[in-house]
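Below are my notes, as numbered points, to read with the structure open beside you.

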Protein chains: 2
Amino acid sequence: MLRVPPGERAALAELDTSATPGGPSGKAAGTEAIARMAAPLADLQERLYAASTAGDRRRLLLVLQGMDTSGKGGTVKHVIGQFNPVGCRVRAFKAPTREERAHSFLWRIEKALPQPGEIGIFDRSHYEDVLVPRVRGLVPADRVERRYAQINAFEKALADDGVTVVKVFLHIGYEEQRERLLARLDDPRKHWKFSPGDLEDRALWPAYQEAYELAMERCSTEAAPWYVVPADRKWYRNWAVGKLLLERLEAIGPQYPPADFDVQECRKRLLAT
Amino acid sequence: MLRVPPGERAALAELDTSATPGGPSGKAAGTEAIARMAAPLADLQERLYAASTAGDRRRLLLVLQGMDTSGKGGTVKHVIGQFNPVGCRVRAFKAPTREERAHSFLWRIEKALPQPGEIGIFDRSHYEDVLVPRVRGLVPADRVERRYAQINAFEKALADDGVTVVKVFLHIGYEEQRERLLARLDDPRKHWKFSPGDLEDRALWPAYQEAYELAMERCSTEAAPWYVVPADRKWYRNWAVGKLLLERLEAIGPQYPPADFDVQECRKRLLAT
């Protein structure tokens, strides 16, 4: 997985989408490594949640982006599914509604942010508003440029307020996407996940890749870095995102808050009942 | 587990909190039975979510109530944790904030409701507003009576809009609560879960039991029934709530929506790329 240096362009076409950089040796080892992460992830999540009850405002926001079938939903299911649901705030963003379009593009994002102690997960995000409009020419180029700056200011403010922002681009290959779309078409239980619009987006593949490159170049910051995760192999994708969350949560280092009451006295009172 | 008949009083003191009515023969069998529920629960949840993408407004709301340490949080972690987090909307309600108090007691509830296709989970709920005020005499009795009626009208409207409302009272014993509070006091990692206020509530145990009996008598309806789950045994509690969710989801019977596009034509277009 690659952390995009601020202001630098990650040439997506040159990155191997089936690679497993830094990862376990194969699927079996990967699955085992993922299972080993479950306990420390759950422990850190509980500490983060506990700390918030004593006023700690820190929290984490995971932003998942990627082409159709890149595994955003699968990551939520398999990686976020390991956490305690009470501390998770998951939001899958669709095309904006009429009400959402009437507001700034960050309005619906603000409303979905994790609260102190929570882990927020965005399946798609405010980045859609610098990708789709740019690729489809829906918004003038200078307005997209202004949005990059707005996003950076927004994410900096989040970081200043205690939000660890982790942005992940799930990078799949053009061939791999064909296989995955085909699997959706060939299974009636998966037809609901498919829309003919997916083929239109696929036809715009190079434009989307360029829009992603540009968004990451402009918006990978110290406060809120972008990571590119090769995502053709699902086990590697899960491992990489889990690892990233583990590292960021360890960096937060949340602690159980000390008692703000007299433990021995409460103990006595309880035993008298 | 007992479904409270509308208008009838469930005498909580006469129900054995360590019983396992209708359940597996013991902890080992219970744990196994819970594990066997995971796949059908996940399947039904996915169908429910999928159906909503085609306009099906149906969803489920699980309301969890019970005395401190009765296992509301544990149920969320162990039962709800089996679902895909993207389709779950969990909300733990605390004492109302100043802003929440400035609104009707149902205002904050409305904002936390599950959307079509989702499973909503309330750890505490609008029922707190007919329990705490009654027990502590914060609100005149006639106002509490009016709230029962407001709750029934509110829940009936939810049911009419496609929400399957399942309300569960996790029933623990007075002795069992002492043990669980003691365990919290004796483990510094659990101090954040304890507050001296828990002892004040414990001192009001009979008044709370009565307030629960009355709330269930008034508000167990055909549209939104109350269930009493004996909760001294955690495995039974998890099994019973899982079973209840499974039954209600099976009754909803959500189906994958049929394709609203030409599958063969899309297949051809895809293979040409």
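1. Let me start with a definition: a salt bridge here is a side-chain nitrogen of Lys or Arg within 4 Å of a carboxyl oxygen of Asp or Glu. By that rule, 50 salt bridges are counted over all chains. Please keep in mind that this is a predicted model, in which local features need pLDDT of at least 70, side-chain atom pairs count only at pLDDT 80 or more, and totals for chains, interfaces and linings use all residues. Residues are numbered from 1 along each chain as its sequence is written, chains are lettered from A and ligands numbered from 1 in the order in which they are written, and side-chain values use heavy atoms, with hydrogens and water left out.

2. Which residue forms a salt bridge with A:Asp161? The partner is A:Arg57, and the closest N and O atoms are 2.9 Å apart. This pair links distant parts of the chain, 104 residues apart: A:Asp161 is in the loop between helix H6 (141-160) and strand E5 (163-171) of chain A, and A:Arg57 is in the loop between H1 and strand E2 (59-66) of chain A. Helices (H or I, at least four residues) and strands (E, at least two) are DSSP runs, numbered from the N terminus. A:Asp161 is partly exposed, with a relative accessible area of 31%, and A:Arg57 is partly exposed at 42%. For these labels, buried means under 20% relative accessible area, exposed over 50%, and partly exposed in between (1.4 Å probe, protein chains only).

3. A second salt bridge is worth a look: the side chains of A:Arg124 and A:Asp68 meet at 2.9 Å, N to O. Here too the pair links distant parts of the chain, 56 residues apart, with A:Arg124 in the loop between strand E4 (119-123) and helix H5 (128-136) of chain A and A:Asp68 in the loop between E2 and helix H2 (72-78) of chain A. A:Asp68 is buried, with a relative accessible area of 13%, whereas A:Arg124 counts as partly exposed at 21%.

4. Most residues other than glycine have a negative phi. In chain B, B:Thr69 also has a positive phi, of about 70°, although B:Thr69 is not a glycine. B:Thr69 lies in the loop between strand E2 (59-66) and helix H2 (72-78) of chain B and is buried, with a relative accessible area of 8%.

5. A:Arg180 counts as buried at 11% relative accessibility, while A:Glu176 is partly exposed at 22%. Elsewhere, salt bridges that share partners join A:Arg9, A:Glu145, A:Glu213, A:Glu217 and A:Arg218 into one network.

6. Now for a buried proline. A:Pro254 is found in the loop between helix H10 (234-252) and helix H11 (263-271) of chain A, and has a relative accessible area of 1%, so A:Pro254 is buried. What does A:Pro254 touch, not counting residues up to four places away in sequence? The contacts (heavy atoms within 4.5 Å) are A:Leu44, A:Arg47, A:Leu48, A:Arg58 and A:Leu249. A:Pro254 and A:Arg47 are 207 residues apart in sequence and 5.4 Å apart in space, C-alpha to C-alpha.

7. In chain B, please check B:Ala51, which lies in helix H1 (residues 27-52) of that chain. B:Ala51 counts as buried at 6% relative accessibility. Leaving out residues up to four places away in sequence, B:Ala51 touches B:Asp56, B:Gln255 and B:Pro257. B:Ala51 and B:Glu155 are 104 residues apart in sequence and 22 Å apart in space, C-alpha to C-alpha.

8. One last stop is A:Ala272, found in the segment after H11 of chain A. A:Ala272 is exposed, with a relative accessible area of 68%. From A:Ala272 to A:Tyr127 the separation is 145 residues in sequence and 58 Å in space, C-alpha to C-alpha.
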